[in-house]
Amino acid sequence: MIEQIFIALFLGIIAGTLTGIFPGIHINLVATLLFITSAFFLQFTSPIVLAVFIISMAIMHTFADFVPSIFLGAPNEDTALSVLPGHRLLLGGNGYGAVKLTTIGCFFGVLIALAISPFFIIIMPYIYPFLTKIMAFLLIAIVLILILKEEKKMWAIIIFLISGILGVATLNFMVIKQPLFPLFSGLFGTSLLAISFFQNVKIPRQKIKDIKVEKKKITGILGLSILSSSLVSFLPGVGSSQAAVISSAIKKIDENLFLVLVGAVNTIVMCLSFVALYAIQKPRSGIAVFVGKFLPYFTEQQLWLLFAVTLIVSGIAVFITLIFAKLFAKGIMKINYKWLCFTIILLLIILTPIISGWLALLVLVAATATGLVTNIIGVRKIHMMGALLLPVILYYLF
Amino acid sequence: MKKTGKVKTSNLLKLSLIIALVGTFMVVILANNLEPSTKTIDSINERSIDEWIKVQGNVTQETDVSGLKIITVNDGTASISCILRKNVSYNFKDQRVEIQGKITDYKGDIEIDISKITVL
């Protein structure tokens, strides 16, 4: 059994590295494939081994996912907010340092999540009904704070509303599969890549060195990530992106620390979604849904085993992610960045009908145009998170 | 040169804004008017999870559970549980209905989360 668990752990790390490094491959896709073929695997192994594979893949993916977001500008809904600060650091020759900051956040996020889990297991069943009631109002307050902080308030409102309406319509567009793929590829990916392409952006020589951030400030950011992640981890429809938005509204965060924060909330939310599965028997992430399928009677012993797996994978993920960040940093200088942007835009255009269907191209175009407006006007990209915030606000209100 | 650059940026802004508004409007219109494809219940399996579908059949069972209505629909090929997340007093039992919704999984059972139900 223990050998099988370790094999599943390492296979999960390989799968998570591939899904993280290549844009457009979602872990839920691999988890679905595993679920469909699980009858075959369960002849040789047990459900807990399959759950170990899924969790190892998910944790590794969360770390590695930032590499294409920062170096290629190809994000998903979880890493979208890292693109702009990441891109700025890349243009300053600090792409590797940017990935290192998200990796630091991811790793400490795991440690924090494991440390606070026992507390959440006890209090969650009591505060969960209360959080459900206040979530819509909390998110409305967050949106208002972010808009009021913006200099160009009218544009911030316009961007929020266009993104929000596009998000609501796309999520209810019944003929589109994986609707978040064209939506977030357009809002945060192709729009920035198109600007880099047209402005003929040159990537400077990349330095393989750390970006200095005060330890005290990192501690403060990690504290903030605990607060925001805890608010969203137990509720449906909200996740790491909302947690990052909540944190931004609470405190002004500089770009380097924001990368630590985005990394931390991603892993905290992922880990706490397993705690939610145990504490309130509700899956709160795509991956927790599959863990719940394999372990319908999720025991405390299994939870601790999965935590141990999470810890081991996180340690390994730090090294693997930084190795890939180095490879990307060295590789990106050897290629023509203008044509790399063009190739990634083309790849996202080709992947969109394959993953989500032909009509998703319309979503990709509308989302890209919204992203371009945001870039040209110069308002914060966080207002485009309306694409997820407005649907969630409406869900909780009605 | 600077002036030309500014003109170009403002043109790009106008063009992007128009595409964003028109594109969003088209997505809203299409999302409200395009219906998912009709499926027979026996063709629904784990691979269909998260897919939006339309089924037609007779309601063979109806249960009200704390704000939810659970109805069992049979289309002649098989039966499936469908969840209506609203307090509806209407009685669907023995009626022929058309259901649109998303295929979900609840504790290992495949169900349809109803977004629209029409009595035929």
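## A walk through a predicted two-chain model

At 23% relative accessibility, Glu51(B) counts as partly exposed, and this residue makes a handy starting point in what is a predicted model. The side chain of Glu51(B) meets that of Lys39(B) in a salt bridge, with 3.3 Å from N to O. Both residues sit in the loop between helix 1 and strand 1 of chain B, 12 residues apart. Lys39(B) is also partly exposed, with a relative accessible area of 22%.

Let us stay in chain B for another pair. Glu35(B) and Lys54(B) form a salt bridge at 2.8 Å, N to O. Glu35(B) belongs to the loop between helix 1 (2–33) and strand 1 (52–65) of chain B, while Lys54(B) is in strand 1, so this pair ties together parts that are 19 residues apart in sequence. Glu35(B) is partly exposed at 37% relative accessibility, whereas Lys54(B) is buried at 11%. A further salt bridge joins Lys69(B) and Asp64(B) at 3.2 Å, N to O. Here Lys69(B) is buried, at 2%, and Asp64(B) is exposed, at 54%. Through shared partners, salt bridges link Glu35(B), Lys54(B) and Lys116(B) into one network. Over all chains, the whole structure has 9 salt bridges.

Where do the two chains meet, and what is the contact made of? Chain A and chain B each bring 25 residues to the contact, and together they bury about 2300 Å², 84% of it on carbon and sulfur atoms. On the chain A side, Met174(A), Leu362(A) and Ile376(A) supply 28% of the area that chain A buries against chain B, more than any other three residues. Between the chains there are 0 salt bridges. Helix 2 (27–36), helix 8 (153–171) and helix 16 (360–377) of chain A each give two or more residues to the side that touches chain B, and helix 16 gives the most, with 10 residues. By class, that side has 21 nonpolar, 3 polar and 1 charged residues.

One last stop is Ser191(A), in helix 9 (residues 180–198) of chain A. Ser191(A) is buried, with a relative accessible area of 0%. A polar atom of its side chain lies 3.2 Å from the backbone oxygen of Gly186(A). Beyond its neighbours within four places in sequence, Ser191(A) has contacts including Thr368(A), Asn375(A) and Lys381(A).

Definitions and conventions. Residues are numbered from 1 along each chain as its sequence is written. Chains are lettered from A and ligands numbered from 1 in the order in which they are written. This is a predicted model: local features need pLDDT of at least 70, side-chain atom pairs count only at pLDDT 80 or more; totals for chains, interfaces and linings use all residues. Side-chain values use heavy atoms; hydrogens and water are left out. Contact means heavy atoms within 4.5 Å. Buried area is the accessible area (1.4 Å probe) that two parts lose on being put together, summed over both. A salt bridge is a side-chain nitrogen of Lys or Arg within 4 Å of a carboxyl oxygen of Asp or Glu. Helices (H or I, at least four residues) and strands (E, at least two) are DSSP runs, numbered from the N terminus. Ala, Val, Leu, Ile, Met, Phe, Trp, Tyr, Cys and Pro count as nonpolar, Asp, Glu, Lys and Arg as charged, and the others, Gly among them, as polar. Buried means under 20% relative accessible area, exposed over 50%, partly exposed in between (1.4 Å probe, protein chains only). A polar contact is a pair of N or O atoms within 3.5 Å; within protein, one must be able to donate a hydrogen and the other to accept it, and residues adjacent in sequence count only if both atoms are side-chain atoms.
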